[in-house]
Amino acid sequence: MKSYTFRIIIELDGKKGFHGFVPFLRGVHACGKTVQETKKNLKEAITCHIQGLLKDGEKIPKEGKSFESIQSFSEKELSINSR
């Protein structure tokens, strides 16, 4: 059985809960009150998206090797003056 892996990102969405998305699958977004609920909703959104692609005769996209990084900047680097 073949397996597919998609990177997901889940962010805090103010006081409303969480927002998640799949960078590789444009337009695939989901929300939830908790991280677990958001992950569950993203899984459902990914499944619907892939089923739609297959129905349209398209192949399931495969995310290639990717590099993810978080970069920090100082106020000085961003030219932000402390008040």
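This is a predicted model: local features need pLDDT of at least 70, side-chain atom pairs count only at pLDDT 80 or more; totals for chains, interfaces and linings use all residues.

Residues are numbered from 1 along each chain as its sequence is written, and side-chain values use heavy atoms, with hydrogens and water left out.

Helices (H or I, at least four residues) and strands (E, at least two) are DSSP runs numbered from the N terminus, and two strands pair if DSSP finds at least two bridges between them. Strand β1 (residues 9–13) runs antiparallel to strand β2 (residues 17–21), and 5 bridges join them. Ile 10 stands opposite Gly 20 in β2, while the bridge partner of Asp 13 in β2 is Gly 17. The hairpin of β1 and β2 has 3 residues between the strands, and Gly 14 takes a positive phi near 55° there. β2 is also joined by 4 bridges to strand β3 (residues 29–32), again antiparallel. Across this pairing, Phe 18 stands opposite Gly 32 and Phe 21 opposite His 29. The covered face of β3 holds Ala 30 and Gly 32, whereas His 29 and Cys 31 are on the uncovered one.

Ala 30 is also one of the 9 residues of the largest nonpolar core, together with Phe 6, Val 22, Leu 25, Val 28, Leu 42, Ile 46, Ile 50 and Leu 53. Such a core is a set of buried Ala, Val, Leu, Ile, Met, Phe, Trp, Tyr and Cys residues joined through side-chain atoms within 4.5 Å; buried means under 20% relative accessible area, exposed over 50%, and partly exposed in between (1.4 Å probe, protein chains only). Helix α1 (residues 35–55) gives the largest share of this core, 4 residues. In soluble globular proteins, nonpolar side chains tend to be buried together. Leaving aside residues up to four places away in sequence, the contacts of Phe 6 (heavy atoms within 4.5 Å) include Val 22, Leu 25, Ile 46 and Ile 50.

Lys 39 lies in helix α1. Why does Lys 39 count as partly exposed? Because its relative accessibility is 42%. Lys 39 touches Ile 8 and Ile 10, not counting residues up to four places away in sequence. The C-alpha atoms of Lys 39 and Ile 8 are separated by 8.5 Å, although the two are 31 residues apart along the chain.
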